[in-house]
Amino acid sequence: MVEIEFERRLERLFAEAPELPDAGPFATRVERRLDAGWTARRWLIGAAGVVGGIIGASQLMVSNVFQRVETAGDSARLLSSSINHISTGTDWMAAVSSGGAVVWAAAAMAVVMMGFVLTRVIGEI
């Protein structure tokens, strides 16, 4: 019985810890240090992003990416004209049982899938 009383009293003493006289200034100092750390982190992350962007842009300029894109555009035009030439010879849309609806349904499903991918990527960030 005496042990139970002692345990209850001991639990109450630990549950009601006395406040130290410098608790307010201590909390203020800790909050100030934490805020300064976050500010420094934000600046470092921003600076790293700017440096990375500059490096990426310079690499794009050096690797002649714009010239390659123009070449790819010419290739796409050539491919498009050859596909048009083939499609005039054969009516491939008539071979599909339900006509062009299948192509539009596939395109709609691709758009929905990209929406799901985008929401997943945003959720991961």
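What is the mean pLDDT of the chain, and what percentage of its residues reach 70 or more? The mean is 77, and 81% of the residues reach 70 or more; pLDDT is the predictor's confidence in each residue, from 0 to 100. This is a predicted model, in which local features need pLDDT of at least 70 and side-chain atom pairs count only at pLDDT 80 or more, while totals for chains, interfaces and linings use all residues. Residues are numbered from 1 along each chain as its sequence is written, and side-chain values use heavy atoms, with hydrogens and water left out.

**View A. The whole chain.** The chain has five helices and zero strands, in the order α-α-α-α-α from the N terminus. Helices (H or I, at least four residues) and strands (E, at least two) are DSSP runs, numbered from the N terminus. Of the 125 residues, 0% are buried, where buried means under 20% relative accessible area, exposed over 50%, and partly exposed in between (1.4 Å probe, protein chains only).

**View B. Helix α1.** Helix α1 covers residues 2-15 and spans 20 Å from first to last C-alpha, close to the expected 20 Å. The expected span is 1.5 Å times one less than the number of residues. Because zero of its 14 residues are buried, α1 lies largely in the open.

**View C. Helix α2 and N64.** Helix α2 (residues 23-62) has 40 residues and reaches 58 Å between its end C-alphas, close to the 58 Å expected. Among the elements, α2 has the highest mean pLDDT (84), and helix α4 (residues 92-95) the lowest (56). N64, which follows α2, has a positive phi near 55 degrees.

**View D. M114 and a nonpolar patch.** M114 sits in helix α5 (residues 101-124). Together with M113, V117, V121 and I125, M114 forms a nonpolar surface patch with about 520 Å² of accessible area.

Key:
Patch = residues over 30% accessible without salt bridge, like charges linked within 9 Å, V, L, I, M, F, W, Y side chains within 5 Å. Areas by Shrake-Rupley, 256 points an atom, 1.4 Å probe, with all protein chains shown as cover. Salt bridge = Lys/Arg side-chain N within 4 Å of Asp/Glu carboxyl O.
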